[in-house]
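Please read them with the sequence and the coordinates open.

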Amino acid sequence: MSTSRSMTPISKVLERLDEKGYGRELIITGEHAHFDGIPNTYRSAQLTIIKVYRFEGESDPADMSVVYAMRADDGQKGFLLNAYGTYSDQDNPYYDDFIRDVPMDEQEDL
């Protein structure tokens, strides 16, 4: 059984993703999204979830979060970070529908 001491922290996952070229945050704005610093916008069908990392706090349900490693059809890569469940901090009304519509092709090597 894994304990919080043996689990990889979010900061380490984000560091590894950055090293592999997934260092830009995906920002969802309405029915489109863009990677931070990149002008291209994407619909959910133009993105693919490559890997999902879930984190749960040992004693506080507010510590639940998820990191998605994402790739766009044009080769851009990045991540999406958010709390999940009832503690989701997404105020964007499009967020849930958008992320649900992103296809998934999970890669084991990330």
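1. Strands S1 and S2, the latter covering residues 32–35, pair in the antiparallel sense over four bridges, and within this pairing Thr-29 stands opposite His-32 in S2. The hairpin that S1 and S2 make has two residues between the strands, and Gly-30 takes a positive phi near 70° there. Since this is a predicted model, such local detail should be read together with the confidence values in the next point.

2. The mean pLDDT of the protein is 85, and 80% of its residues reach 70 or more. Among the elements, S2 has the highest mean pLDDT, at 96, whereas helix H2, residues 95–100, has the lowest, at 88. Over residues 1–5 the pLDDT stays under 50, and for this stretch the model has two contacts beyond four places in sequence. Where pLDDT is low, the predicted coordinates should not be read in detail.

3. The sheet is open and is formed by five strands in the order S2-S1-S5-S4-S3, with mixed pairing. Because S2 and S3 (47–55) stand at the edges with a single partner strand each, one side of each is left without a neighbour in the sheet. On average, and with direction ignored, neighbouring strands of this sheet are turned by 30° against each other.

4. Which strands give the sheet its parallel pairing over two bridges? Strand S1, residues 24–29, pairs in the parallel sense with strand S5, residues 77–83, and Glu-25 stands opposite Phe-79 in S5. S3 and S4, by contrast, run antiparallel and are joined by eight bridges, with Val-67 in S4 as the bridge partner of Tyr-53. Helix H1, residues 10–19, packs on the sheet and touches S3, S4 and S5, while its direction makes about 10° with that of S4.

5. Tyr-68 belongs to strand S4, which spans residues 65–72, and it counts as buried because its relative accessibility is 13%, where the cut-off for that label is under 20%. Leaving aside residues up to four places away in sequence, Tyr-68 touches Ile-49, Lys-51, Val-52, Gly-78, Phe-79, Leu-80, Tyr-95 and Ile-99. Phe-79, one of these contacts, is the residue that Glu-25 stands opposite in S5.

6. Asn-82 has its place in strand S5, and its relative accessibility of 5% is why Asn-82 counts as buried. The side chains of Asn-82 and Tyr-95 are joined by a polar contact of 3.4 Å, and Tyr-95 is also among the residues that Tyr-68 touches. Tyr-68 and Asn-82 lie 14 residues apart along the chain, and their C-alpha atoms are separated by 8.8 Å.

7. How many aromatic pairs does the structure hold? The structure holds one, formed by Phe-35 and Tyr-42, whose arrangement is edge-to-face at 5.7 Å centre to centre and with 65° between the planes. Both partners are buried, since Phe-35 has a relative accessible area of 0% and Tyr-42 has one of 3%.

Notes:
Residues numbered from 1 in each chain as written. Heavy atoms only, no water. Buried < 20%, exposed > 50% of the residue type's maximum accessible area, 1.4 Å probe, protein only. Contact = heavy atoms within 4.5 Å. Pairing = 2+ DSSP bridges. Polar contact = N/O pair within 3.5 Å; in protein donor to acceptor, adjacent residues only side chain to side chain. Phe/Tyr/Trp six-rings, centres within 6.5 Å; stacked < 30°, edge-to-face > 60°. pLDDT = per-residue confidence, 0-100. Axes fitted to C-alpha atoms, helices over the stretch in contact; angles between N-to-C directions.
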